[in-house]
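Please open the model in a viewer and keep the selection tool at hand. The tour below moves from one selection to the next.

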Amino acid sequence: MVRSANGSAADSTRPRVQLKDATVRFKTQSGEITALHEVNLEILENEFICLMGPSGCGKTTALNVIAGFQALTSGQALLDGNPIEGADASRAVVFQSDAVFPWMTVAQNVAFGPTSQNRPKQEIDRLVKEFLSLTDMQGFADSWPMQLSGGMRKRVDIARAYASQPEVLLMDEPFGNLDFILKETLQGSLRDLWANVGGTIVFVTHDIEEAIFLGDRIVVMTPRPGKIAKIIPIDFGKVRADDIRTSPEFIAIRRGIRELMTETGALA
Amino acid sequence: MKSKASNEEGGSYVKYLGIASVITVFAFWVVASEDGLGWFPRIKFPPPTEVFTAITVLQEKLLVDAGVTVGRVIFGMVVGTALGLGVGLLMSFSKPIMAFLNPIIESMRPVPVIAMIPFFLMWLGIAESGKLLLVTLGVFTIIVVSTIEAIRNVPRIYVNAAKTLGATKRVIHWRILLPAITPAMIGPLRVAMALTFTLVVAAEFMGAQAGIGYRILEARRLFNPQVIFLGIVELGILASLFDYFLRKIMGYITRWSGRTK
Ligand SMILES: Nc1ncnc2c1ncn2[C@@H]1O[C@H](COP(=O)(O)OP(=O)(O)OP(=O)(O)O)[C@@H](O)[C@H]1O
Ligand SMILES: [Mg+2]
C-alpha cells in the first residue's frame with residue numbers, strides 16, 4: 001500500500017490489477033461449471049472497489065484469482081502489468097471465515113505480516129500500535145483471539161492485513177455473518193481507515209447497501225456464469241458519514257442496482 | 001479458560017475422588033496382605049511393611065535405578081518427539097519426501113517395537129545405545145503418524161492467510177503448522193509417554209546393568225518379591241508424575257485454545 005507521511009495517499013489512475021477475458025471453469029462430476037466468463041476489469045491504484053452479485057456468481061472465484069489461489073482457465077490476470085502466479089505478500093486477504101491465528105496474541109497476529117517480511121523491529125512495533133489503534137483494538141494487544149468476540153476478531157483480521165502493507169487488499173464478505181449494528185460500525189471504521197491510510201481494496205459482498213456505502217465503484221455481476229453486468233461509480237466523497245445511508249441519492253442508487261439485478265435475473 | 005463453572009459440575013468433592021481411589025487401593029493392599037488379613041502369602045503378595053523395608057535396604061540403588069530409567073524415558077520422549085515432529089512436518093510439506101518415506105514408515109509401523117529388542121541386542125549388545133534407539137523409535141513412529149494426520153486437519157485458510165502475509169515455507173512450518181497441531185498432539189504424546197515406560201522396562205529386562213526393569217528382574221532371580229513390588233510402585237508413581245507434567249506443559253503450550261482441563 002502506498003502511504004504518504006500524513007497518511008493520505010495521492011489518487012491515481014494507474015491500473016493496479018487487470019483482468020483480461022478472465023475465465024474460470026471448474027470440472028465437476030456433473031460436468032463443467034463456468035464460474036467466471038470473460039471478465040474484463042481494471043482496478044485502479046488507491047481505489048475502493050466493491051464486487052457484488054448473487055450467491056454463486058463467482059465473486060470468491062474472482063478474488064481467489066487476484067489473490068493467486070486460483071489459476072485462470074483462459075485469459076489474463078495482471079498485477080502492475082505482471083501475470084499473477086501464486087499468493088504472496090503483495091495481496092493480503094481478509095477471508096470470510098475466521099482466519100485470525102488462535103495461537104498468537106492479537107499483537108502477534110498483527111505483527112505476523114511485517115515479521116514474516118523481515119521488517120526491522122521498531123517498524124513492526126510501530127505498525128502494530130498504529131493499526132491496533134486505528135481498528136480500536138489497542139486495549140487487547142495481549143489477548144488471545146478466543147477471548148474476543150467475532151466482530152473484534154474481524155477487526156484484528158483487518159488490522160493484520162493492513163499492517164502487512166500489501167499493494168492490494170482483498171476482502172471476501174468480511175462482515176458477512178455479523179449482526180447489522182456491528183456491520184455498520186465496522187463498515188464505518190473500514191471506510192475511515194481507508195480514507196486515512198489509503199490503498200487498493202477489492203471488497204466482495206452480496207449486500208447492496210454495504211457495497212454502496214463502501215465502494216468508489218461497484219462492479220455488479222450477473223448470476224452464473226459470472227459476467228460483469230455493469231460498473232457503477234459512487235460519488236459520496238472520500239470520508240463518509242453514517243447518515244448517507246438514508247439519503248435520497250443512496251436510495252436511488254440502491255433502487256437502480258435492484259432494477260439492474262432484476263434485469264439480469266439475479267432478483268426475481 | 002479460567003471459568004470453572006463448565007468443568008467442575010458435580011461440586012468440590014470431585015477432586016477428592018482421585019485421592020480416595022489411591023487410598024482404596026492402598027487399603028486393599030494392607031488388608032489382603034499378611035499385614036492385614038493375610039489373604040495372600042507374602043511370597044506372592046508382599047505386605048507394605050516389607051516393601052518399605054526394601055526401600056531402606058536398597059537405599060541409593062533405588063535412586064540410581066530410578067534415575068537411569070527416567071533418563072532413558074526422557075531421552076526417548078525428547079528425541080523421538082523432535083524427530084517425529086520434524087519428519088512429519090517435512091513429509092507434509094514435500095510430496096517427494098512423503099512419497100519416499102511413507103512406505104518405509106508404513107511398513108515399519110505395524111511391527112511391535114518390542115519384537116525388535118533381540119535385533120537391537122544382536123547389533124548393539126546391552127549397550128546403552130540399543131535401549132535409547134528402541135525407545136526413540138517407539139516414540140517416533142507414534143509421533144510421526146500423528147503429526148501427519150494432525151497437519152491434514154489444519155484448516156487450509158491459516159496456511160493461505162500466512163502466504164498472503166508473506167510467510168515463507170519455513171515460517172509456515174514453525175509459526176503456523178507446528179502451533180496449530182499442538183492440541184491434537186496431546187493425546188499421541190501421552191500415549192507415547194506410556195509406551196516409553198513400557199519399552200524402557202522391556203529393554204531393561206533384556207539386558208542392562210541398572211534401571212528399574214533390571215532391578216525387578218534381578219529381584220525375581222534373588223527371590224525378593226518385595227523388591228519386585230517396590231519396582232512396580234516406583235514405575236507407577238514415576239509414570240503418573242510424568243504424565244502429570246506432560247499435561248501441565250501441554251496445557252501451558254495450548255493455553256490459547258480454551259480446551260477444557
Ligand atoms: N473448487 C470448486 N470446484 C467446483 N466448483 C466450484 C469451485 N469453487 C467454486 N465453484 C463453483 O463456481 C461458482 C462460483 O463460486 P464462488 O464461490 O466464486 O461464488 P460466490 O459468488 O463467491 O458466492 P457466495 O456469495 O455464495 O460466496 C459456484 O457455482 C460454485 O459452485
Ligand atoms: Mg463467496
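Angles run from 0 to 180 degrees between N-to-C directions, with axes fitted as lines to C-alpha atoms, for helices over the stretch in contact. Helices (H or I, at least four residues) and strands (E, at least two) are DSSP runs, numbered from the N terminus.

This is a predicted model, in which local features need pLDDT of at least 70 and side-chain atom pairs count only at pLDDT 80 or more, while totals for chains, interfaces and linings use all residues. Residues are numbered from 1 along each chain as its sequence is written, chains are lettered from A and ligands numbered from 1 in the order in which they are written, and side-chain values use heavy atoms, with hydrogens and water left out.

**The six-stranded sheet**

Next, select the open sheet of chain A whose six strands follow the order β6-β7-β8-β3-β9-β10, with mixed pairing. Two strands pair if DSSP finds at least two bridges between them. At the edges stand β6 (91–94) and β10 (228–233) of chain A, each with a single partner strand, so one side of each has no neighbour in the sheet. On average, neighbouring strands of this sheet are turned by 15° against each other, direction ignored.

Move to strand β9 (residues 217–221) of chain A, which is joined to β10(A) by five bridges, the two running antiparallel. The bridge partner of A:R217 in β10(A) is A:P233. β9(A) and β10(A) form a hairpin, with six residues between them.

**The four-stranded sheet**

Select the other open sheet listed here, in which four strands of chain A take the order β2-β1-β4-β5 with antiparallel pairing. Its edge strands are β2 (31–44) and β5 (82–83) of chain A, each pairing on one side only. Strand β1 (residues 15–28) and strand β4 (residues 74–79) of chain A pair over five bridges in the antiparallel sense, and A:T23 stands opposite A:S74 in β4(A). Helix α1 (residues 59–67) of chain A packs on this sheet, touching β1, β2 and β4 of chain A, at about 120° to the direction of β1(A).

**Chain B and the interface**

Turn to chain B, which has ten helices and zero strands. Its C-alpha trace spans about 70 × 55 × 30 Å along its principal axes.

Finally, select the contact between the chains, which takes 27 residues from chain A and 20 residues from chain B. About 2000 Å² is buried between chain A and chain B, with carbon and sulfur atoms giving 73%; buried area is the accessible area (1.4 Å probe) that two parts lose on being put together, summed over both. Highlight A:W103, A:F112 and A:M146: in chain A they lose the most area to chain B, together 33% of what that side buries.

Which element gives the most to the side of chain A that touches chain B? It is α2(A), with five residues.

Terms used
Contact = heavy atoms within 4.5 Å.
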